[in-house]
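Biologist: Hi! Could you walk me through this protein on screen?
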Amino acid sequence: MAGKFRTQLHPDMTRLSFRGSHMPDFWAMAPRQVPAAHNALRILTLLSLSDVPLSAARIQRELDLPRSSTYHLLRELECSGFVVHLDNPGTYGLGLAAYRMSSAYTMQQPLVRLAAKDLEAIAGLVGGSTHLSRMAGSEIVYLHEARAPKAVSLVTEVGVRLPALSTASGRIMVAHLPAAEAKAVFSTSGEQRAYREITARLATARERGWDEEREEVSRGQETVAVAVLDHLGRPAAALAATFAAGSRDDRERAEVVGRLLAAARRVAGKFFGGV
């Protein structure tokens, strides 16, 4: 990648600035043939670079757009599903259509590409679904799904975010974080269970190398998940298999876990170089 860019709040907390060696090429291209399309893309880019939803006034100010144009563009993006309007506190964030479009890009990412074949095979083995997910704050975001023929459709589609501590994938990743980071995830997650209960479960998951959940996310489904660890032993992703609850005995479940662990080791070895 030629350079990285990110958003950073100025000390007065009123504007976003872009730091890095290069801005994306489309910010510098000229002249503009279709100004409305260009400004819609600028809005999407701004929202993707922000860690929090933004108000229309903030978007207008950051991009130096006319007020009426800002609201017209936001309404069109909202109708198309690329933006969602949050009534309280009246801010805008990326919508499901943006996440679905991004899934086409995630398929090209090495981590997803390296795991895809194994996940497809394991999905066929269990007659259900398999997933690759990554941490995103106190949540996980699903980046890839493989589904066996006739497998039920689940909530865990590409782009969906769920609380990390409510999923097997999230817990096995949090289990491999340093204690301070794991506590930060707990503190910002809204988790209702006691911290002691959560840490005990995380310790069990880390010790055996996998976690499970039964009907915590999808009714009638259970999931087993393992972590893909980087060269520092930190969680880079999670691989999971979901299948009908009670459809596999202990031996068969152990086989699924073994296949996931083997896949995680292969992905880590190829991606991080001999982990």
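This is a predicted model: local features need pLDDT of at least 70, side-chain atom pairs count only at pLDDT 80 or more; totals for chains, interfaces and linings use all residues.

Biologist: Great. How do the axes of helix 5 and helix 9 cross?
Modeller: Helix 5 covers residues 110-126 and helix 9 covers residues 250-272. Their axes come within 9 Å and cross at roughly 165°.

Biologist: And what does that make them, roughly parallel or roughly antiparallel?
Modeller: Roughly antiparallel, because angles over 145 degrees count that way. Helix 5 passes helix 9 in a right-handed crossing.

Biologist: Which residues in helix 5 meet which in helix 9?
Modeller: On the helix 5 side they include Leu-111, Leu-114, Asp-118 and Ile-122. In helix 9, Val-256, Arg-259, Leu-260 and Phe-271 are among them. By class, the contact has 13 nonpolar, no polar and five charged residues.

Biologist: Nice. Switching topic: how many cavities of 30 Å³ or more does the search find?
Modeller: One, over the whole structure. About 100 Å³ of space lies in the largest cavity.

Biologist: Which residues lie nearest its centre?
Modeller: Tyr-142, Thr-156, Glu-213, Thr-223 and Thr-242, out of 13 residues that line the largest cavity. Helix 6 (168-174) and strand 11 (235-244) are the elements that give two or more residues to that lining.

Biologist: How does the lining divide into nonpolar, polar and charged?
Modeller: The lining of the largest cavity has seven polar residues, five nonpolar and one charged.

Technical notes. Residues are numbered from 1 along each chain as its sequence is written. Side-chain values use heavy atoms; hydrogens and water are left out. Axes are lines fitted to C-alpha atoms, for helices over the stretch in contact, and angles run from 0 to 180 degrees between N-to-C directions. Helices (H or I, at least four residues) and strands (E, at least two) are DSSP runs, numbered from the N terminus. Angles under 35 degrees count as roughly parallel, over 145 as roughly antiparallel, 65 to 115 as roughly perpendicular and the rest as oblique. A crossing is left-handed if the near helix is turned anticlockwise from the far one by less than a right angle, and right-handed if clockwise. Contact means heavy atoms within 4.5 Å. Ala, Val, Leu, Ile, Met, Phe, Trp, Tyr, Cys and Pro count as nonpolar, Asp, Glu, Lys and Arg as charged, and the others, Gly among them, as polar. On a 1 Å grid over the protein atoms alone, a cavity is a set of points where a 1.4 Å probe fits but cannot get out, and a pocket is an open set with protein on both sides within 12 Å along at least five of seven lines; lining residues have an atom within 4 Å of a point. Grid points are joined across faces, edges and corners, and a volume is the space filled by probe spheres set on the points.
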